[in-house]
Amino acid sequence: MVLSPIFALGIEVGFYVLFAISLYASSKRFGMQTTQLLLVGATIWTIIIENFIVLNGGYDYYAYSTGSFPGYMVWVGVVPLWIILGWFVMTICSYILTDTLLPGRSPLTRSLMTALISLNIDLLLDPVAVATGLWRWTHPSVYLIGVPLTNLIGWFLIVFVFILGFETRIVPQIGKAGLNPNPHGYDWWKMLARFLRLFLILLPAVVIATFVVLVVLIPYNNLNVESFGNVFPAPFSWWS
Amino acid sequence: MIGKPQTDAVKWVSIAMGFLLTMLIISVVLAGALVGFTSLAESMLYASATIAPLALLLFLALRKTNKATS
């Protein structure tokens with residue numbers, strides 16, 4: 001059900017406010033340098049993954065688009081900016097909660113916890129988003145309350161891999177420079193380069209894993225095939 | 001723990017998490033009327049079941065930070 005365009009714009013603005021609050025909370029908790037590192041990392045991470053999936057016809061954000069207005073105010077490629085920042089909001093809130101509840105635990109346990117909390121938040125958000133047309137799923141899969149299982153597994157994997165990478169490759173390095181709040185700081189650009197190099201390995205792994213899950217679920221599809229029509233001309237949408 | 005617990009930081013983290021949770025609860029209450037995939041009762045049951053773990057974790061986190069700073 002598509003509501004008034006004001007609803008979509010309200011959600012977009014609401015997420016920008018949530019983003020500002022999350023950014024502030026994270027800067028207080030982890031320090032500004034680490035927050036910026038997580039923000040830039042998460043932004044690059046999600047821009048690539050989200051655009052890749054939309055271009056492949058997995059879903060789209062065009063329910064509220066009209067001939068003269070694309071539905072949302074700011075876009076990064078074929079994905080609204082609030083979606084990209086929304087990933088950061090969810091991940092950072094889950095990570096802060098995990099850091100509070102499980103301090104000093106292994107990276108694996110902390111990543112698992114962060115991913116489970118994020119998945120829990122998505123279980124709340126996604127049915128609302130689908131019901132109101134904030135985004136539309138357009139690929140064959142097993143659908144639960146309008147949400148494909150592919151998405152739920154994808155949410156878990158994307159957050160889990162991102163935080164695991166951060167915890168195993170970046171946190172030990174930050175630790176050497178002193179834990180935050182750190183008056184002397186650390187070489188931020190060096191850390192970012194390290195983080196991005198890690199993406200070269202992790203991104204293909206996540207994409208391949210998502211693709212495997214997608215293929216496995218296709219035979220059990222329970223969504224009307226006609227629903228796969230993607231408004232955006234997805235160039236790699238081989239199933240439509 | 002990456003960050004050093006500070007009273008100020010804890011306060012802001014609590015406010016942020018509380019605000020986020022409130023937004024989510026409002027969204028889900030709205031979903032009760034909007035979700036076209038199931039009945040209102042089932043929507044509310046689903047909403048309660050998904051909010052419960054988050055609320056519990058948030059409560060545990062706040063209790064822990066309060067103990068650490070008191």
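Colleague: Which helix holds Thr114(A)?

Modeller: This is a predicted model. Look along chain A for Thr114(A). The helix that holds Thr114(A) is α4.

Colleague: Is Thr114(A) buried or exposed?

Modeller: Buried means under 20% relative accessible area. Thr114(A) has 0% relative accessibility, so Thr114(A) counts as buried.

Colleague: How far apart in space are Thr114(A) and Ile153(A)?

Modeller: In sequence, Thr114(A) and Ile153(A) are 39 residues apart. In space, the distance runs from C-alpha to C-alpha. That distance is 14 Å.

Colleague: How many residues of the lining of the largest pocket are nonpolar?

Modeller: The largest pocket holds about 620 Å³ of space. Its lining has 33 residues, and Ile49(A), Ile53(A), Tyr59(A), Trp137(A) and Asn151(A) lie nearest the centre. Helices α2, α3, α4, α5 and α6 of chain A each supply at least two lining residues. Nine of the lining residues are polar and three are charged, while the nonpolar ones number 21.

Colleague: Is Val13(A) buried, partly exposed or exposed?

Modeller: Val13(A) sits in helix α1 of chain A, which spans residues 5–30. Partly exposed lies between under 20% for buried and over 50% for exposed. Val13(A) has a relative accessible area of 41%, so Val13(A) is partly exposed.

Colleague: What is the area of the nonpolar surface patch that includes Val13(A)?

Modeller: Val13(A) makes this patch together with Val17(A), Phe69(A), Met73(A) and Val74(A). The area of the nonpolar patch is about 380 Å².

Note on methods: Residues are numbered from 1 along each chain as its sequence is written. Chains are lettered from A and ligands numbered from 1 in the order in which they are written. This is a predicted model: local features need pLDDT of at least 70, side-chain atom pairs count only at pLDDT 80 or more; totals for chains, interfaces and linings use all residues. Side-chain values use heavy atoms; hydrogens and water are left out. Patches are made of residues with over 30% relative accessible area and no salt bridge: like charges are joined within 9 Å, nonpolar side chains (Val, Leu, Ile, Met, Phe, Trp, Tyr) within 5 Å. Accessible areas come from the Shrake-Rupley method with a 1.4 Å probe; for residues, only the protein chains shown count as cover. A salt bridge is a side-chain nitrogen of Lys or Arg within 4 Å of a carboxyl oxygen of Asp or Glu. Helices (H or I, at least four residues) and strands (E, at least two) are DSSP runs, numbered from the N terminus. Buried means under 20% relative accessible area, exposed over 50%, partly exposed in between (1.4 Å probe, protein chains only). On a 1 Å grid over the protein atoms alone, a cavity is a set of points where a 1.4 Å probe fits but cannot get out, and a pocket is an open set with protein on both sides within 12 Å along at least five of seven lines; lining residues have an atom within 4 Å of a point. Grid points are joined across faces, edges and corners, and a volume is the space filled by probe spheres set on the points. Ala, Val, Leu, Ile, Met, Phe, Trp, Tyr, Cys and Pro count as nonpolar, Asp, Glu, Lys and Arg as charged, and the others, Gly among them, as polar.
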